[in-house]
Amino acid sequence: MSTTLEQVEKTAQLSKNNQLSLMIFQVQFPRGDSQPPYYGMNVFKVREVLEARAYKVSEIPDANSLVEGMIELRGVYLPVIDLPKWMGFEMTEEEREKSIIIVADFSHNFVGLRVSHIHGVEEKDWADIHPAGNYKVDVNTNQIINHTYLENSETLCFILDIEKLLIEAMPTMAEKIFASAKDIQEDQHTFSPRIYEKTVLFAEDSQAIQKYMGMVFDQLNLKYKSFDNGRLLLDHINSLENLDGISMVFTDLEMPVASGHTVIKELKANPRTRQLPIIVHTSMTSENNSREVLAMGADYFIGKVDTDLIVETINKVDQETFAVKQ
């Protein structure tokens with residue numbers, strides 16, 4: 001089996017068991033006796049790790065200050081985001097020379113993230129990933145979304161809200177995303193009465209994406225309820241006497257406590273809930289990932305953040321689940 005196929009198979013097995021592989025890195029270099037914090041990113045989003053000194057960064061006129069410029073990687077130009085600056089740190093020129101660029105894929109948006117050091121890769125249970133609110137971080141203003149601990153230690157490892165980073169670093173992209181939600185014309189999208197009577201449930205740990213999805217549902221005049229992780233969503237569903245008031249479930253995949261894979265697995269394993277339409281809404285948009293979650297029982301797969309596809313998928317759920325029952 002090739003290395004690529006081995007990684008795909010390993011990732012699939014981890015996901016099915018509510019686990020993930022985290023690439024652990026640091027954003028700062030040690031200065032004096034201080035030990036810089038550790039951060040983590042799902043390995044599934046990492047495409048390459050580059051030595052920064054080997055790539056010239058070309059400035060982009062009028063770019064956001066968080067975007068250093070572009071690098072060329074085998075004929076493809078990628079924006080490089082100054083992750084230390086976003087975190088409130090400044091690298092010296094000497095440190096930049098020694099730094100690393102992580103090439104990451106978020107919903108087919110390839111970006112370079114400058115960091116100081118790659119610590120390694122660790123496998124974690126999603127149950128060991130804890131919401132930021134658990135340690136009194138303001139998730140509306142802070143870059144941190146979740147946290148865990150390094151293997152066999154009490155050293156914290158923080159998970160960053162990368163969607164928030166992309167929205168702040170690339171305001172043009174963010175403006176386009178939110179404009180696409182605002183531009184939805186309700187009178188151009190008519191659903192069957194049962195869709196309007198019922199509530200859309202969605203699990204999403206990024207506050208920025210929660211806001212975006214709320215705007216989409218508001219514009220469509222749909223009732224909705226959001227949850228910060230998969231376990232909160234599942235607990236809510238399990239607490240209901242009946243499921244007559246739910247139209248569909250949207251779920252992210254990467255969430256603390258219980259991932260989207262767990263949401264799919266538990267809902268589809270329970271005869272009471274297996275008929276609920278499940279739409280996966282994720283930035284992990286590879287074909288392998290799509291095949292995996294659909295094979296687990298998800299009904300639809302959408303990459304973040306595609307407003308037209310969200311509306312189109314709601315229409316499909318309506319036609320395939322509700323309209324035929326009128």
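Mentor: Let us begin with a term: a residue counts as buried under 20% relative accessible area, as exposed over 50%, and as partly exposed in between. Please also keep in mind that this is a predicted model.
Trainee: Fine. Is Asn221 buried, exposed or partly exposed, then?
Mentor: Asn221 has a relative accessible area of 45%, so it is partly exposed. Its place is the loop between α7 (207-219) and β13 (223-227).
Trainee: What about the phi of Asn221?
Mentor: Phi is about 60 degrees, a positive value, although Asn221 is not a glycine. Most residues other than glycine have a negative phi.
Trainee: Which other residue has a positive phi without being a glycine?
Mentor: Asn152 is one of them, with phi near 55 degrees. Asn152 belongs to the loop that runs between β10 (144-149) and β11 (156-160).
Trainee: And is Asn152 buried or exposed?
Mentor: The relative accessible area of Asn152 is 78%, so this residue is exposed.

Trainee: Let me step back to the whole chain. How many helices and strands are there?
Mentor: The chain has eleven helices and 16 strands.
Trainee: What share of the residues is buried?
Mentor: Of the 326 residues in the chain, 52% are buried. The accessible surface of the chain is about 15400 Å², and carbon and sulfur atoms account for 47% of that surface.
Trainee: What share of the contacts is between residues 24 or more positions apart?
Mentor: Among contacts with a separation of 6 or more, 65% are between residues 24 or more positions apart.

Trainee: Could you show me a pair of that kind? Where is Tyr38?
Mentor: Tyr38 is in strand β2 (residues 38-42). Tyr38 and Thr155 are 117 residues apart along the chain, yet their C-alpha atoms are separated by 8.2 Å.
Trainee: Is Tyr38 buried or exposed?
Mentor: With a relative accessible area of 11%, Tyr38 is buried.
Trainee: Which residues does Tyr38 contact, its sequence neighbours within four places aside?
Mentor: Its contacts include Ile24, Phe25 and Gln26, as well as His119, Leu150 and Thr155. Leu156, Cys157 and Phe158 are also in contact with Tyr38.

Trainee: What does Tyr77 touch?
Mentor: Beyond its neighbours within four places in sequence, Tyr77 is in contact with Met70, Ile71 and Glu72. The side chains of Tyr77 and Glu72 are joined by a polar contact of 3.5 Å.

Trainee: Now a charged residue, please. Is Arg96 buried or exposed?
Mentor: Arg96 counts as buried, because its relative accessibility is 16% and the limit for that class is under 20%. Arg96 is found in helix α3 (residues 93-98).
Trainee: Which side chain makes a polar contact with the side chain of Arg96?
Mentor: The partner is the side chain of Glu68, at 3.0 Å. Apart from neighbours within four places in sequence, Arg96 is in contact with Ala52, Glu68, Asp82, Met91 and Arg114.
Trainee: How does Arg231 count?
Mentor: Arg231 counts as partly exposed, with 24% relative accessibility. Arg231 sits in helix α8 (residues 230-239) and touches Val257, Ala258, Thr262 and Glu266, not counting residues up to four places away in sequence.

Trainee: Last topic: helix packing. What describes two packed helices?
Mentor: They are described by the angle between their axes and the distance between the axes. For helix α9 (residues 260-269) and helix α10 (residues 287-296), the axes come within 9 Å and cross at roughly 25 degrees.
Trainee: Why is α9 called roughly parallel to α10?
Mentor: The crossing angle makes α9 roughly parallel to α10, because angles under 35 degrees count as roughly parallel.
Trainee: Which residues make that contact?
Mentor: From α9 there are His261, Ile264, Lys265 and Lys268, and from α10 there are Asn289, Glu292, Val293 and Met296. By class, three are nonpolar, two polar and three charged.

Technical notes:
Residues numbered from 1 in each chain as written. Predicted model: local features only at pLDDT ≥ 70, side-chain atom pairs only at ≥ 80, totals over all residues. Heavy atoms only, no water. Helix = DSSP H or I, 4+ residues; strand = E, 2+ residues; numbered from the N terminus. Buried < 20%, exposed > 50% of the residue type's maximum accessible area, 1.4 Å probe, protein only. Contact = heavy atoms within 4.5 Å. Areas by Shrake-Rupley, 256 points an atom, 1.4 Å probe, with all protein chains shown as cover. Axes fitted to C-alpha atoms, helices over the stretch in contact; angles between N-to-C directions. Parallel < 35°, antiparallel > 145°, perpendicular 65-115°, else oblique. Nonpolar A, V, L, I, M, F, W, Y, C, P; charged D, E, K, R; others polar. Polar contact = N/O pair within 3.5 Å; in protein donor to acceptor, adjacent residues only side chain to side chain.
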